[in-house]
Amino acid sequence: MKKIWLLTVVIFAAVSVTAAKNRILPPPQKSGGMSLQEALNTRHTVRSFQTKELTAQQLADILWCANGINRNNGKRTAPSALDKREVMIYVALPDGVYFYDPEQHIKDGNLPKISKTDVRKFCGRYDAPCYLILVPDKTKQPREIFAAIDTGYVSQNIYLAAQANGLGTCAMGSIVDRNMLIRELGLGENVPLLVHPLGFAK
């Protein structure tokens with residue numbers, strides 16, 4: 001009986017630690033909302049943000065629109081040259097950095113935490129509650145021109161999704177400290193190409 005109780009405690013502790021590290025994204029909303037024409041007509045760059053954090057649904061919708069899975073064959077909302085799907089998205093929040101895995105989002109909504117460090121100040125000069133960090137994976141797409149173009153597709157999706165969700169953003173290639181992000185995110189040879197501050201406009 002004591003062994004069973006001990007095993008239960010260990011399992012509960014393991015689950016609690018995992019839950020403390022990760023966030024759970026709800027399924028993305030794939031219908032309704034603002035029309036594409038309206039999003040394009042009202043789209044604008046935002047550089048001043050409120051401190052209010054995004055809801056879990058808003059974050060899920062933005063990430064899915066950015067580069068989520070929209071077909072049964074695993075293909076994405078953003079196109080990529082030769083279907084390499086090389087653009088990775090890291091989510092920088094006040095409590096740390098998370099990695100967006102489109103397949104995991106569809107499977108169970110798990111958004112794994114990869115760092116406890118608040119890296120937002122190393123991303124951009126704007127004080128936003130969230131930064132999305134776009135990193136092309138060189139092992140999947142070694143050609144820099146294709147990786148840059150594909151990152152642009154994801155960036156535009158973020159712009160339109162933010163507008164449709166009542167949020168503001170801007171694409172920034174001038175990153176405050178790329179080397180720090182590379183170290184903290186464990187990127188190796190991969191380099192952050194763009195960052196997007198994201199939040200409610202002031």
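The model is predicted: local features need pLDDT of at least 70, side-chain atom pairs count only at pLDDT 80 or more, and totals for chains, interfaces and linings use all residues. Residues are numbered from 1 along each chain as its sequence is written, and side-chain values use heavy atoms, with hydrogens and water left out.

**Nonpolar cores**
- The largest nonpolar core has 27 residues, and Leu-63 and Leu-132 have the most contacts inside it.
- A nonpolar core is a set of buried (under 20% relative accessible area, 1.4 Å probe, protein chains only) Ala, Val, Leu, Ile, Met, Phe, Trp, Tyr and Cys residues joined through side-chain atoms within 4.5 Å.
- Helix α3 (56–67) is one of the elements that give two or more residues to this core, and α3 gives the most, with 6 residues.
- Beyond its neighbours within four places in sequence, Leu-63 is in contact (heavy atoms within 4.5 Å) with residues including Leu-25, Ile-89, Val-91 and Leu-132.

**Asn-22**
- Asn-22 sits in the loop between α1 (2–21) and β1 (23–24).
- Asn-22 counts as buried because its relative accessible area is 17%.
- A polar atom of the Asn-22 side chain lies 2.9 Å from the backbone nitrogen of Lys-113.

**Surface patch**
- Ile-145, Ile-149 and Tyr-153 form a nonpolar patch on the surface, with about 270 Å² of accessible area together.
- Ile-149 belongs to helix α6 (residues 144–164).
- Ile-149 counts as partly exposed because its relative accessibility is 38%, the limits being 20% and 50%.

Definitions and conventions: Patch = residues over 30% accessible without salt bridge, like charges linked within 9 Å, V, L, I, M, F, W, Y side chains within 5 Å. Areas by Shrake-Rupley, 256 points an atom, 1.4 Å probe, with all protein chains shown as cover. Salt bridge = Lys/Arg side-chain N within 4 Å of Asp/Glu carboxyl O. Helix = DSSP H or I, 4+ residues; strand = E, 2+ residues; numbered from the N terminus. Polar contact = N/O pair within 3.5 Å; in protein donor to acceptor, adjacent residues only side chain to side chain.
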